[in-house]
Amino acid sequence: MKEITKAQEEILKALWSIKEGAVSDILKILPMPKPAYTTVATVLKVLEKKGYVTHKTFGKTNVYSARISKKKYTKFKLKDVFSGLVNNSLNQMISPFISNKKVSLKELEEIKKMIEKEIARKKK
C-alpha cells in the first residue's frame, strides 16, 4: 500500500462515510474551509492511481468508491506507526493511551478483557 497525504486521507474518509459519490457529494461533507471542486477531482484521480479508489462513469459524471476498507487502511497505518515511531515496542505504543486521563475506566476494562482473552488463547 502506498503512502497518502493528509488531504488524500481526508477525501478517502469522506468517501468511506458516503460509500460512493461524485465529487460534489464528497465536497458536501468535507469540513470548512472546503477545497475547490477541481482539487477534490484531482485528489480522487491520484487516489485512484494509488489503488485506493475506483470509479464508474455515468454520462459525464464519475461516481467514486473506495477500493480499500477503512479497517484495512487503519491496520496499515498502525503497522507503520508501530514499526517506525515506536520501534516495534507495544509498550511504547500503548502506554500513552493508558495513561491518558481521557480514557475512561470502562475503556480500560474493555482493553483488559481483550488482553486477558488473547492471553488465554495463546496459552492453549
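Helix 3 (37-49) lies across strand 2 and strand 3, running at about 120° to strand 2. Helix 1 lies across strand 1, strand 2 and strand 3, at about 90° to strand 3. Axes are lines fitted to C-alpha atoms, for helices over the stretch in contact (heavy atoms within 4.5 Å), and angles run from 0 to 180 degrees between N-to-C directions. Helices (H or I, at least four residues) and strands (E, at least two) are DSSP runs numbered from the N terminus.

This is a predicted model: local features need pLDDT of at least 70, side-chain atom pairs count only at pLDDT 80 or more, and totals for chains, interfaces and linings use all residues. Residues are numbered from 1 along each chain as its sequence is written, and side-chain values use heavy atoms, with hydrogens and water left out.

The three strands form an open antiparallel sheet in the order 1-3-2, where pairing requires at least two DSSP bridges between two strands. Strand 1 (20-21) and strand 2 (53-58) each have a single partner strand, so one side of each lacks a neighbour in the sheet. Six bridges join strand 2 to strand 3 (residues 61-66); one of the bridge pairs is Phe-58 with Thr-61.

Two backbone features lie in loops. The peptide bond from Met-32 to Pro-33 is cis, with omega near -10°, and Pro-33 is in the loop between helix 2 and helix 3. Lys-19, in the loop between helix 1 and strand 1, has a positive phi near 70°. Lys-19 counts as exposed at 64% relative accessibility (buried is under 20% relative accessible area, exposed over 50%, partly exposed in between; 1.4 Å probe, protein chains only).
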